Amino acid sequence: MPDTPALAALHHACFTAPRPWSEAEIAGLLADPTVFLLEAPAGFLMGRAVAGEAELLTLAVDPSARRTGTGRALVARFLDEARARGGETAFLEVSAENDAAIALYDSAGFVTAGRRRGYYATSDGRRIDALVMSCTL
């Protein structure tokens with residue numbers, strides 16, 4: 001059984017916009033049989049695969065462990081797991097202001113497929129676009 005309080009605490013340490021997920025939100029997603037969790041010592045990734053499509057729901061790497069390959073390894077594992085679950089295409093949404101994440105996803109083979117204007121809200125009410133990125137598996 002996943003340690004949802006620890007996952008939520010790590011997610012909270014990683015995100016302000018979009019807002020971090022609560023323990024209940026994480027547990028609710030993990031109750032869905034199409035959702036899978038990949039864990040690493042300093043991070044985790046949640047994905048979903050259904051009907052030939054895979055979605056990277058969230059990637060959280062402890063801020064003190066960033067740029068150590070943890071995120072790259074989790075994304076590679078996501079792509080493998082998505083293929084194993086019958087995924088033909090993978091997609092994700094990422095803040096248009098998160099240059100490090102965009103570079104990571106670019107390096108993993110994702111390309112920008114669209115933009116959702118004002119998709120995320122910050123705590124001060126500002127709106128941030130989301131990039132929709134996709135990858136052929």
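User: What covers the buried residues of α3?

Analyst: This is a predicted model, and in it the cover over the buried residues of α3 includes the strands β1, β2, β3, β4 and β6 together with the helix α4. The residues of α3 that are buried are T70, G71, L74, V75, F78, L79 and A82.

User: Why is L74 called buried?

Analyst: Buried means under 20% relative accessible area, and L74 has a relative accessible area of 1%, so the word applies. L74 lies in helix α3, and, leaving aside neighbours within four places in sequence, L74 is in contact with L38, E39, A40, G43, F44, L45 and L59. The C-alpha atoms of L74 and F44 are separated by 7.1 Å, although these two residues are 30 residues apart along the chain.

User: How do you know that the length of α3 agrees with what a helix should span?

Analyst: The expected span is 1.5 Å times one less than the number of residues. For the 15 residues of α3 this gives 21 Å, and because the end C-alpha atoms are 21 Å apart, the two values agree. Just after α3, G86 takes a positive phi of about 90°.

User: What makes R83 and D80 a salt bridge, and where do the two residues sit?

Analyst: A side-chain nitrogen of Lys or Arg has to be within 4 Å of a carboxyl oxygen of Asp or Glu, and the side chains of R83 and D80 meet at 3.2 Å, N to O, so the pair qualifies by that definition. Both residues belong to helix α3 (residues 70-84), where, being 3 residues apart, R83 and D80 are separated by about one helical turn. R83 itself is partly exposed, with a relative accessible area of 38%.

User: Which parts does the salt bridge of R117 and D129 tie together, and is R117 buried or exposed?

Analyst: The side chains of R117 and D129 meet at 3.0 Å, N to O. R117 lies in strand β5 (residues 111-121) and D129 in strand β6 (residues 127-136), so the pair ties together parts that are 12 residues apart in sequence. Exposed means over 50% relative accessible area, and R117, at 66%, therefore counts as exposed, whereas D129, at 17%, counts as buried.

User: How many salt bridges does a search of the whole structure find, and which residues are linked in a network?

Analyst: The search finds 9 salt bridges, and D32, R48 and E55 are linked in a network of them. E55 is buried, with a relative accessible area of 18%, while R48, at 23%, is partly exposed.

User: Which residues have the most contacts inside the largest nonpolar core?

Analyst: They are L59, V75, F78, Y105 and F110, in a core of 25 residues. At least two residues of this core come from each of β1, β2, β3, α3, β4, α4 and β6, and α3 gives the most, with 5 residues. If neighbours within four places in sequence are left aside, the residues in contact with F110 include V75, F78, L79, Y105 and M133. There is also a second, separate core of 11 residues, which includes A8, L10, I26 and M46.

Conventions: Residues numbered from 1 in each chain as written. Predicted model: local features only at pLDDT ≥ 70, side-chain atom pairs only at ≥ 80, totals over all residues. Heavy atoms only, no water. Buried < 20%, exposed > 50% of the residue type's maximum accessible area, 1.4 Å probe, protein only. Helix = DSSP H or I, 4+ residues; strand = E, 2+ residues; numbered from the N terminus. Core = buried A, V, L, I, M, F, W, Y, C linked by side-chain atoms within 4.5 Å. Contact = heavy atoms within 4.5 Å.
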